[in-house]
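Please look over the sequence and the model first, and then follow the sections below.

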Amino acid sequence: MRDYKVVVLGAGGVGKSSVTVQFVQGVYVESYDPTIEDSYRKQIEIDGRACDLEILDTAGVAQFTAMRELYIKSGKGFLLVYSVTDENSLKELLALREQVLRIKDSENVPMVLIGNKCDLEDDRVLSIDDGIKVSQDWGLVPFYETSAMYKTNVDEAFVDVVRQIMRKEASISAEKKQQKELQKQNELNKQEEAQSGANDTQKEETQNNRLKQSINDPSNTPSGSKCCTIM
Ligand SMILES: Nc1nc2c(ncn2[C@@H]2O[C@H](COP(=O)(O)OP(=O)(O)O)[C@@H](O)[C@H]2O)c(=O)[nH]1
Ligand SMILES: [Mg+2]
């Protein structure tokens, strides 16, 4: 079974723990200790493949810590969560995404953008279009509005990020396979070249030997020709 390490990032209070616990345990936790950083495991089947997910529900994004660097390094996919009721939480994601790309040293990192608490229509300050705009700015990162309370789009968002990891791993292994085949072909070509080089030398040597033989053979002196010295 393949291991998939997914990291849930976002400002405090946006619903990272609620979304994670809803996905892993199928329950909505009304109040969750905001300081708790925890890791969960869940096995799911995606496109006929069994996947073992390890989900890290992070806490506290205020300061950069060595811990954060470590889990971003080891994470394969990222859920970047903001709350549709908190404008600042979306702004905070911009810096977080930059951090992820910098630490991963890549623009191609499996990721989804999540606008949580979409059930709170009256408190909403960010529209769907605000989320779409950010997703476009990020190169069309998949975007979901979720409600941890009603389990809206929660599974979809997690499955999406795992699918992205799968696709990335598949394309990396296809690339590696292609490189291996190219290398093999190159080696074969080199061997063939060396072989044909050896054949050429062998041919040359035989020809030289024949030439030597024919020079040494007195019967090869053209008949009628005589050696003479012109004074
Ligand atoms: N109405 C509503 N409340 C939510 C939702 N998700 C989280 N909350 C509430 O928002 C608060 C913070 O959630 P929490 O998961 O602890 O946020 P975290 O700090 O990002 O982990 C809690 O009181 C949750 O019950 C949601 O989808 N809808
Ligand atoms: Mg939390």
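## A β-α-β unit

Which handedness does the β-α-β unit made by E4, helix H3 and E5 have? Strand E4, helix H3 (residues 87–104) and strand E5 form a right-handed unit, where right-handed means that, with the strands pointing away from the viewer, the path from the first strand over the helix to the second runs clockwise. Helices (H or I, at least four residues) and strands (E, at least two) are DSSP runs that are numbered from the N terminus.

## Basis of the description

This is a predicted model, in which local features need pLDDT of at least 70 and side-chain atom pairs count only at pLDDT 80 or more, while totals for chains, interfaces and linings use all residues. Residues are numbered from 1 along each chain as its sequence is written, chains are lettered from A and ligands numbered from 1 in the order in which they are written, and side-chain values use heavy atoms, with hydrogens and water left out.

## The chain as a whole

The chain has 5 helices and 6 strands, and from the N terminus on its elements follow the order β-α-β-β-α-β-α-β-α-β-α. Of the 231 residues in the chain, 35% are buried, a term that stands for under 20% relative accessible area, whereas exposed stands for over 50% and partly exposed for values in between (1.4 Å probe, protein chains only).

Among contacts (heavy atoms within 4.5 Å) between residues at least 6 apart in sequence, 71% join residues at least 24 apart. The chain exposes about 14500 Å², and carbon and sulfur atoms supply 49% of that area; accessible areas come from the Shrake-Rupley method with a 1.4 Å probe, and for residues only the protein chains shown count as cover.

Strand E4 (residues 77–83) is mostly covered, with 7 of its 7 residues buried. Gly77, Leu79, Val81 and Ser83 point one way from the strand, while Phe78, Leu80 and Tyr82 point the other way.

Two strands pair if DSSP finds at least two bridges between them. Strand E1 (residues 2–10) pairs with E4 in the parallel sense over 5 bridges, and Leu9 has Leu80 as its bridge partner in E4. E4 also runs parallel to strand E5 (residues 111–116), to which 6 bridges join it, and here Val81 stands opposite Ile114.

Is helix H1 (residues 16–25) largely enclosed or largely open? Helix H1 is largely enclosed by the rest of the structure, because 9 of its 10 residues are buried; among them are Lys16, Ser17, Val19 and Phe23. Just after H1, Gly26 takes a positive phi of about 70 degrees.

There are 19 residues around ligand 1, and Ser18, Tyr28, Glu30, Asp119 and Ala148 come nearest, where a residue counts as near if one of its heavy atoms lies within 4 Å. A polar side-chain atom of Ser17 lies 2.9 Å from an oxygen atom of ligand 1, a backbone N or O atom of Val14 lies 3.3 Å from an oxygen atom of the ligand, and an N or O atom in the side chain of Lys117 is 3.0 Å from an oxygen atom of the ligand. The protein covers 87% of the 580 Å² of accessible area that ligand 1 has on its own.

Thr146 is found in the loop between strand E6 (143–145) and helix H5 (154–216), and Thr146 is buried, with a relative accessible area of 0%. The side chain of Thr146 makes a polar contact of 2.9 Å with the side chain of Asn116; a polar contact is a pair of N or O atoms within 3.5 Å, and within protein one must be able to donate a hydrogen and the other to accept it, while residues adjacent in sequence count only if both atoms are side-chain atoms. Not counting residues up to four places away in sequence, the residues that Thr146 touches include Val19, Ile114 and Lys117.

Asp52 has its place in strand E3 and is buried, with a relative accessible area of 14%. A polar contact of 3.3 Å joins the side chains of Asp52 and Arg41.

## Positive phi in two loops

Most residues other than glycine have a negative phi. Asp47, although not a glycine, has a positive phi of about 50 degrees; Asp47 is found in the loop between strand E2 (38–46) and strand E3 (49–57) and is exposed, with a relative accessible area of 54%. Asn153, also not a glycine, has a positive phi of about 60 degrees; Asn153 lies in the loop between E6 and H5 and is partly exposed, with a relative accessible area of 26%.
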